Amino acid sequence: MQLPFLVLIPLSLTQGLLGQSADLLPKGADLFPEGGNRLDVETDGLFSDDIDVITSRLNFEQTRGSWNFSASVGHIYHNVEYTPTFVTSEAIRRENAQTYDFRVEKVINPYFTVTGSLAYSQGFTDHRSIWISEYYDQLNGENPAYREADPQSFSGSLGLQWNYQPGKSFLSVTLAQADTEIVPGWEFDVNDLTGEASLFSTDEVLRTFTGTAVWSTVINSRLRTQQTLRIGRTDGRRIRTQFQSDWAYALTNQLTARMQLGGAHEDPTFIARYGGLGFVYDVNSRWQLSLNYRYYEDTGEINSSNFNTAAPAIRTRELAAGVRWSNGSTSVLGSVGLYSIDYDSVVATGNVFFTALYQDRDFTAVRLALTHQF
């Protein structure tokens, strides 16, 4: 397995953000005001017998008066062993994707905050699209009408937060739009008069509009909750509604329990349910232990084309344990877990060409994160 350039990404971003000459700044300007900066470096890995995914991200955040800015760059590495079905051959795909995010926040007064964000990605960001792309590459690669997939996405959002009890409770509303270039489906169209078959693709770009409302409040000194309602619509699909409820309760001065429940629905057939339970234990002022369990299930993706690539019903489970060390300005987090995926049979969906893709898998999940404030 080839590892991604985990070190080169942070270095390249550091040069972009920090490598400017001080002569270019206004006289007396302070590039990094003391106490207003935060640097996060994160690496997550998923490893199984035939699929490995390593995601790395570097984020820099700075607060200047009533303004807060953050920018991040990420890298996603996939190592996928493609298993053939019927008409294709074995293959190994190694793909690298890049992600970029920028967010700005303006505090109008103690009660109102305005936010905005932009995000861009280039490359395959999930193993499923790599698998489907390999299938089409092998099946149609010699056809002059065929084009290899070049996935990318661009999104933006605007939001308003009302801190009706500053430091304790808020309501926020965010509107977002995302244009995503996906791996299209490829089909043959037969001319009724000539009998000739021509290759054509389904839509390559999907546009999604989303509205999100969040209510967060501190109920008392031990209990806090946050409720999230998200309504979205993708071109060619119906409205999808999602609701999520998060709770945090301090059982003791050292032990906190966190719970999450949620679900989503989209006509005519999609239903999802998920939840999680976690515990965080503060050993002392420097060390913290955590244990988390998460569960997810849905009824399977809605197929919107004649050739079926949609996933069948799925159930996932994850159990992870972590440890965190902090000295006040710097913290390091490490965790390891087991992540399992169970699919329903693809035979019922008619999706037999992707039997090997939608098979049960067990992943080892690892995470390493560092945060430094200065």
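Trainee: How many residues does the hairpin that joins β14 to β15 run through?
Mentor: Keep in mind that this is a predicted model. In it, β14 and strand β15 (residues 287-298) pair in the antiparallel sense over 11 bridges. The hairpin that joins them runs through four residues.

Trainee: Which residue in β15 is the bridge partner of F279?
Mentor: Look at the antiparallel pairing of β14 with β15. In β15, the partner across the bridge from F279 is L291.

Trainee: What kind of peptide bond joins D267 and P268?
Mentor: P268 sits in the loop between β13 (255-266) and β14 (270-282). Omega for the bond from D267 to P268 is about 5°. That bond is cis.

Trainee: Is H127 buried or exposed?
Mentor: H127 belongs to helix α2 (residues 127-140). Leaving out residues up to four places away in sequence, H127 touches I51, H78, V80 and L357. Its relative accessible area is 18%, and since buried means under 20%, H127 counts as buried.

Trainee: Which strand gives the largest share of the lining of the second largest pocket?
Mentor: That pocket holds about 1,100 Å³ of space. It is lined by 45 residues, and the closest to its centre are N292, R294, E318, S335 and R367. By class, the lining has 18 nonpolar, 16 polar and 11 charged residues. The largest share, seven residues, comes from strand β1 (residues 37-47).

Methods. Residues are numbered from 1 along each chain as its sequence is written. This is a predicted model: local features need pLDDT of at least 70, side-chain atom pairs count only at pLDDT 80 or more; totals for chains, interfaces and linings use all residues. Side-chain values use heavy atoms; hydrogens and water are left out. On a 1 Å grid over the protein atoms alone, a cavity is a set of points where a 1.4 Å probe fits but cannot get out, and a pocket is an open set with protein on both sides within 12 Å along at least five of seven lines; lining residues have an atom within 4 Å of a point. Grid points are joined across faces, edges and corners, and a volume is the space filled by probe spheres set on the points. Helices (H or I, at least four residues) and strands (E, at least two) are DSSP runs, numbered from the N terminus. Ala, Val, Leu, Ile, Met, Phe, Trp, Tyr, Cys and Pro count as nonpolar, Asp, Glu, Lys and Arg as charged, and the others, Gly among them, as polar. Buried means under 20% relative accessible area, exposed over 50%, partly exposed in between (1.4 Å probe, protein chains only). Contact means heavy atoms within 4.5 Å. Two strands pair if DSSP finds at least two bridges between them.
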